[in-house]
Amino acid sequence: MAGSEVPRQLFLQGVAAVFTFAFASLYMQIPGLYGAEGILPARRTLRPQGKGRWQQLWETPTLLWEAPQLGLDTSQGLELLSLLGALLALGALLMRRLRNLFVYLLLWAAYLSACQVGQVFLYFQWDSLLLETGFLAALVAPLRQPPHHKQAPQGRLVGASPHEGLPFWLVRWLLFRLMFASGVVKLTSRCPAWWGLTALTYHYETQCLPTPASWFAHHLPVWLQKLSVVATFLIEIAVPPLFFAPVRRLRLAAFYSQVLLQVLIIITGNYNFFNLLTLVLTTALLDDGHLTAESGNSHCKKRPTSWPRALLSLLSLLLEFTIYGLLAYGTVHCFGLEVDWEQHAVHSRTTFTFHQFTQWLKMVTLPTMWLGVASLTWELLNALWRWTQVRGWLRKLCTAVQLFIFGTATVALFVISLVPYSYIEPSSHGHLWTGAHRLFGAVEHLQLANSYGLFRRMTGLGGRPEVVLEGSYDGQHWTEIEFMYKPGNVSRPPPVVVPHQPRLDWQMWFAALGPHSHSPWFTSLVLRLLQGKDPVIRLIQNDVARYPFHKQPPTYVRAQRYKYWFSHPGEQSQWWRRQWVEEFFPPVSLGDPTLDMLLRQFGLQDRSPPRALSSGNSLAQALRWIRKQLSPLEASTLLWGLLAAVGAIRVMQALLGPHPPHSSPLAKEKHKPAPKKNSGAASKQPTPAPDNCSSSSHTPRRKK
């Protein structure tokens, strides 16, 4: 198996990019979500309980406990953390020397700190996924990045430690857990849309924030939509075990199938940084041999191969064809695929029952865990073998200590992750080692391992539910309050906001699925709109002039529930159709008994005013100045600007940066091994014959 230095660097850069987007996106929304005049002020979440400092930090692990020491309130501390996190992540993305363990540990700690006070607006699976990935990045990153030019001919760093591949294996295991669980829960939920293969006929229309491409995807033929669901099950359930396949081409096929799925989701839906993060995880399926190539590889001559190597290649090829054949047969058999040549369509249906699927799941869940054990054991043996090749007793001792520490951490994290993974099958969960449960319970609040299962059930089968806020001055004439991103005006096209996540818009989508009492924060939103609080208004319309009540707050606010559908092809200047369903939230005004009762019921009343902090605090003044400069910018515009700036800087680095010495023919000539005087002795040593034109065939044999 080829080395993984280049994929590890891609992974670290990708994690840094996602952290940059996550912190920057959150920063733009902090005043409206968590400020003193926000929907859910963060200061309410951190109340000292009279415990010791370290016990308090362990039970609620957030650096925001130290905000008062800096003269900041909790929301200002959150702003500082988000700014520093975004800048540090941006630095790690652009500068190789910053991609080390301490930087990624700080990024993980900063985001974990934010999640501790984020409440319902930071309770998304991708936030948990980013925390788990961020901690793995801290283990994957070296203690100190060596200079870029110190590279061995095969792309591996000179002096690379034997343990470096172990934490990176955990990234592959995380990707497996994410994809396999996401596929399985669609069927264990008994959702009729997934079982009937019609989920995508609703998904594009009913997802939280569609894109313009969603409208076109929604109007694709039904047979193609159903076939797409079959492909989704294939990619999410059948393909993930290939992540651990011993044949490289099988892993690469699994990689490209995952990339295809994530790219299609990015095109047809605004899922913030989630799909970008999943693409970052797929780098664990790659190796140096696939990402780097010598310039002369394509023209190298075929050389004779030894019969054991030829036999191994033949067996690998037979295994590949067998796997592809089984996948094709299983797909046709389980989903009854039939080609209709007259209608130019492929018909599909689910041919297995829920009982059969649960029995299959019970049969394979524990074996997939043992598959992980076998794969990790192989990685550990590889690491031990690499350690035996280390020269020098002092270096051998140092690498042994590192191997022990990182090997123990890798095994521990794998054992911990088995607990949330086993949630997909209850009986397997009960058969787990009790020590794994205890270990997971001890660190669960750190979110080092999480359970996943996206799109468990398809919502909005009878039409997309949508909450529309309205305001009035007299209680008779009502004006709709339109959000920047979520559907409202039927003539406005769906936006493209990736990688930004408008967290209020997302929670409005969840709120529409049930009564307002299931979303207590909604009452606080109504209160802030009646009070005319500018930070909350900017969550709805960043350009305050477009907010209908920007001159004077409304006297009354109410909310209506509608059902939305995509417009039919041919309807001019309309993207949506809608129909009124019912009143979602009753008309209220400031001082209304109904509003006061709801605020008391949900514990949303301000029992004590925010603590007054020194206005002369230079750090607080600097934060206010930065906020004043950035507030006119729309969050998605800021993130796209960051993306464009990073791209421009990387292009300049590629054009102006130093080139590795092996890139030129002259350098290659200089690095050729000198002819040995003892040619007779050298000729007696057997020379391995490579079976392909990989870069390893150009590596000079080390003299013993």
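User: A salt bridge is a side-chain nitrogen of Lys or Arg within 4 Å of a carboxyl oxygen of Asp or Glu; which residue forms a salt bridge with Glu236?

Analyst: This is a predicted model, in which local features need pLDDT of at least 70 and side-chain atom pairs count only at pLDDT 80 or more, while totals for chains, interfaces and linings use all residues. Residues are numbered from 1 along each chain as its sequence is written, and side-chain values use heavy atoms, with hydrogens and water left out. For Glu236, the closest N and O atoms of the pair are 3.0 Å apart, and the partner is Lys186.

User: How many residues apart in sequence are the parts that Glu236 and Lys186 tie together?

Analyst: The salt bridge of Glu236 and Lys186 has one partner in helix 11 and the other in helix 7, where helices (H or I, at least four residues) and strands (E, at least two) are DSSP runs numbered from the N terminus. Because Glu236 belongs to helix 11 and Lys186 to helix 7, the parts joined by the pair are separated in sequence by 50 residues.

User: Are Glu236 and Lys186 buried or exposed?

Analyst: Buried means under 20% relative accessible area, exposed over 50%, and partly exposed in between, with a 1.4 Å probe and protein chains only. By this rule, Glu236 and Lys186 are both buried.

User: Where does Arg248, the partner of Asp287, lie in the chain?

Analyst: The side chains of Asp287 and Arg248 meet in a salt bridge at 2.7 Å, N to O. This pair links distant parts of the chain, 39 residues apart: Asp287 is in the loop between helix 13 (274-281) and helix 14 (288-291), and Arg248 is in helix 12 (residues 248-268).

User: Which residue pairs with Glu338 in a salt bridge?

Analyst: The closest N and O atoms of this pair are 3.8 Å apart, and the partner of Glu338 is Arg349. Glu338 lies in strand 1 (residues 338-340) and Arg349 in the loop between strand 2 (345-347) and helix 16, so the pair ties together parts eleven residues apart in sequence. At 46% relative accessibility Glu338 is partly exposed, and a relative accessible area of 46% likewise makes for a partly exposed Arg349.

User: How many salt bridges does a search of the whole structure find, and which residues are joined into one network?

Analyst: A search of the whole structure finds 20 salt bridges. Salt bridges that share partners make one network of Glu5, Arg8, Arg96 and Glu164.
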